[in-house]
Amino acid sequence: MQLNKLRCLGVLVLFLGGVLLVGCGNGNGTGSDAGSDAGSDAGGDENVTYQWEQLGGQVSPAGAESEDPTMLVIGTSPAVGYRHQSFRTHLNIYDGSTWGTTQPDPSANNTNSSIYSTPDFCTRGQDVFMAYSHAGDATANDDTFYDRIFVYHWSQASGWTQQNGGAEVSVIWSDPPGGVDAWEPAIACPPSGDPRVAWVEADVVPDPDTENGSWVAEVASGGSTRSSILSRNNTDGSYATDVRTLGLAIDSSGFPIVAQWEQDQTEQWLTNLYVSRYSAGNFVNLGDSIADDWDSNNLPVPSVVADGSVVYVAYSEANSTDDTRHIYVKRYTGTWETVGSGPVSAFSASDHYDSNNPDLLMVDGQLWLAWQESNQYDGYFIYVAYFNSALSEWVIDGDQLNVDLANSAADPSLAYSAGDGYLHVAFEENTDGHPHIFVKRKRINP
């Protein structure tokens with residue numbers, strides 16, 4: 001298909017595969033790292049063009065892999081939480097010029113690794129909360145045998161302190177009936193009050209479910225309140241209906257919103273995406289399955305945000321023919337609908353190969369999205385886009401954000417600093433045979 005290019009106010013408009021994308025550079029993944037003018041759409045001055053810039057140097061230590069970054073803002077200071085050397089939890093805080101030395105690992109090198117994502121972080125003002133799965137001890141014959149969910153709080157004054165009175169947040173082992181492993185923690189911080197945590201764990205009592213489901217808890221410093229198990233698919237089907245991974249957000253009423261990938265009961269290789277709200281001690285279904293995926297070994301954590309009563313979910317979906325993935329964003333206003341005219345992609349349908357790991361963020365009513373994408377020959381590259389409601393289309397902001405376009409990058413995470421108007425994106429990039437953590441930022445609100 002011939003690409004029609006239109007320049008207006010220094011912005012390049014591309015019609016790719018039926019989806020309108022707008023950005024600076026050439027838009028096909030080979031341009032410079034210049035930022036586009038998103039000012040008029042994101043509350044800025046349309047006469048000022050701000051650029052994406054790298055913040056500090058490499059965040060993570062050299063010599064070993066660092067993965068699963070969560071971009072944070074602690075007060076006005078950018079910070080990144082991530083997993084290092086497979087089993088260590090790291091938190092680095094930007095000091096104005098460098099990322100400094102990582103905070104001590106509260107898991108004592110026992111952060112359980114995952115094919116999806118762990119650990120997870122959220123902030124409330126100057127406070128950081130972290131949820132992780134503590135790797136079990138294979139030689140133990142008590143509760144420490146199992147992988148368990150714990151929550152920690154970090155402050156500048158006290159460092160890391162354990163929440164829930166030091167106990168696990170997941171279901172505590174007892175004899176009988178026993179215990180099971182708990183994985184895939186997600187954590188969300190409301191504007192006030194205690195954080196909410198969701199995770200994946202089976203019910204040790206075989207009623208109503210013996211397969212992995214979702215759980216939610218409100219976690220205070222001295223205790224927690226836990227939900228019952230959530231399983232959306234019929235456990236009497238032909239196949240197990242385990243929840244594989246989940247995402248979590250808090251709506252405007254303070255209720256947790258859980259998005260979960262759950263195995264289908266009739267198709268062995270199929271996984272369904274469901275969204276539920278937890279309120280007054282009960283889960284309420286937000287519609288039926290909103291997506292189907294045929295490659296459950298490569299599922300990303302679904303990204304959830306809420307704006308008033310509207311719930312948004314970003315996810316990647318593998319098709320049933322060649323398992324290549326596309327990014328979609330949907331919103332729920334009583335029914336589910338796609339945000340934009342189709343999948344979000346930086347490449348045309350013929351050039352696109354694979355997209356994964358979307359992350360959503362709402363900034364002053366403006367929806368932002370980060371993801372990784374590769375074409376038929378190169379990648380992965382990091383992209384950031386915002387949704388232009390007037391055009392009803394996603395607009396790519398800048399171009400590829402990799403520090404070095406010769407390196408593959410993955411797993412972006414967004415955070416916004418209201419104090420200075422900067423949007424930040426953290427991601428992992430392969431630089432020396434290992435993935436390492438980097439951060440770029442762009443001012444979107446002068």
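**Figure 1. Tyr94 and Trp99, a tilted aromatic pair.** Both Tyr94 and Trp99 are buried in this predicted model. Their ring centres lie 5.1 Å apart with the planes at 55°, so the pair is classed as tilted, between the limits of 30 and 60 degrees. The total number of aromatic pairs is 14.

**Figure 2. Tyr315 and Tyr328, a stacked aromatic pair.** The ring centres of Tyr315 and Tyr328 are 5.9 Å apart, and the angle between the planes is 20°. Tyr315 belongs to strand β22 and Tyr328 to strand β23, with the two residues 13 apart in the chain. Tyr315 has 1% relative accessibility and therefore counts as buried, the cut-off being under 20%. Tyr328, at a relative accessible area of 21%, is partly exposed.

**Figure 3. An aromatic cluster and a charge over a ring.** One aromatic cluster is made up of Tyr132, Phe150, Tyr152 and Trp160. In a separate panel, the charged end of Arg441 sits over the ring of Tyr422, at 4.0 Å from the ring centre.

**Figure 4. The largest nonpolar core.** This core has 21 residues, and those touching the most other members are Tyr312, Val329, Leu360, Leu367, Leu369, Trp371 and Trp394. Two or more residues each come from β22 (310–318), β23 (325–332), β25 (352–363), β26 (366–375), β27 (381–388) and β28 (393–396). β27 gives the largest share, four residues. A second, separate core holds 18 residues, including Val363, Trp368, Leu414 and Phe438. In soluble globular proteins, nonpolar side chains tend to be buried together.

Figure 5. Strand β25 is mostly covered, with 11 of its 12 residues buried.

**Figure 6. Residues 1–47 and model confidence.** Over residues 1–47 the pLDDT stays under 50. Where pLDDT is low, the predicted coordinates should not be read in detail. For the protein chain as a whole, the mean pLDDT is 88, and 88% of the residues reach 70 or more.

How values were computed. Residues numbered from 1 in each chain as written. Predicted model: local features only at pLDDT ≥ 70, side-chain atom pairs only at ≥ 80, totals over all residues. Heavy atoms only, no water. pLDDT = per-residue confidence, 0-100. Contact = heavy atoms within 4.5 Å. Core = buried A, V, L, I, M, F, W, Y, C linked by side-chain atoms within 4.5 Å. Buried < 20%, exposed > 50% of the residue type's maximum accessible area, 1.4 Å probe, protein only. Phe/Tyr/Trp six-rings, centres within 6.5 Å; stacked < 30°, edge-to-face > 60°. Lys NZ or Arg CZ within 6 Å of the ring centre and 35° of its normal.
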